[in-house]
Amino acid sequence: MLKPRVGRHYRRRGKALVPCPNPSIADILALSPSEEILTVLSKPTWGHTVLLHDLSYVSKAGSGIGPAEVESMRLVSRHTSVPISHVIHTTFNAYYGRIEMSIVPGVSLDTRWDMLDERSKESVCRQTWNLIAKVQAIPRPPELDGFVRCGVDGSAPRDYIFKDLQDPPRALRSDAELRARVHERYVHFGGYQYEYELSEMLPRSDRTVFTHADIAPRNIMIDEENKITGILDWEHAGWYPEYWEYAQILRSASWGDWSEWMDRTAPRKWDLHGIEAARRVLLLALDEPAYYW
């Protein structure tokens, strides 16, 4: 059985895949109605697959794909000039979701970052922070004014830092409640080193802002002049305390010195010792890898 590889093109008829190197528009026009040209844009991760169809649109499909991502993209499009894909069509049910969207031109930053000189790295990072500022300026709907952390639709958080231990989940309505939630999870999952100090170690925030929550080189598209052409993957976007984008960008990951440059160019820095201490415990307790991001 043929195993699709990232960056490769294939001709699909039904469930059959055949390699199709360097397809052209003529090749696409010659396809029968039951055929299409697929390009694998990302390897299947957490049950998700991202494909380019007939060199004309992109699909993201799999378990866990839901309407919230679409609502986040529409919210960003409605209130900002941040470049993102435009939603073309969606399909959702209880177990599966599929989003068809427009192509964002350029290449992902992770394919080019190590080749950039220092001036270009600084430029890309400052562009990124400027776009983040636009996203954070999106007005919060009046019906969500009482929440400090929730999904774009007001839903309770499901991520490994803020997910409630109780069912039904309790709403987070103040910074003190949010810090208490992180501390509760930390102690519940065996954290003891900072059992009595963690609440005070955690950053404090009096602002809740719209947040992408997964800004990383793989989700930033740039052109040949290193100008950002798009921000991808709004799956985890929602309303968070204003430090969360910074905390996510600086989390440990295999991104070379990108996080260092983002820290160097950040318009505001936060003390993340409490977040890092909580992560070290809560990551070990994960039983749902899809929420590790």
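Why does the distance between the end C-alpha atoms of helix α2 (residues 67-79) agree with its 13 residues? At 1.5 Å a residue, α2 should span 18 Å, and its end C-alpha atoms are 18 Å apart, so the two agree. The expected span is 1.5 Å times one less than the number of residues. Helices (H or I, at least four residues) and strands (E, at least two) are DSSP runs numbered from the N terminus.

This is a predicted model, in which local features need pLDDT of at least 70, side-chain atom pairs count only at pLDDT 80 or more, and totals for chains, interfaces and linings use all residues. Residues are numbered from 1 along each chain as its sequence is written, and side-chain values use heavy atoms, without hydrogens and water.

Buried residues (under 20% relative accessible area, 1.4 Å probe, protein chains only) of α2 include Glu69, Met73 and Val76. The buried residues of α2 pack against strands including β5 (57-62) and β13 (238-241).

Ser205 lies in the loop between α5 (198-201) and β10. Ser205 counts as buried because its relative accessibility is 11%. Contacts of Ser205 (heavy atoms within 4.5 Å), leaving aside neighbours within four places in sequence, are with Asp175, Pro241, Glu242 and Tyr243. The table lists polar contacts: N or O atoms within 3.5 Å, one able to donate a hydrogen and the other to accept it, where residues adjacent in sequence count only if both atoms are side-chain atoms.

| Ser205 side chain to | Distance |
|---|---|
| Arg207 backbone oxygen | 2.8 Å |
| Glu242 backbone nitrogen | 3.4 Å |

Technical notes: Buried means under 20% relative accessible area, exposed over 50%, partly exposed in between (1.4 Å probe, protein chains only).
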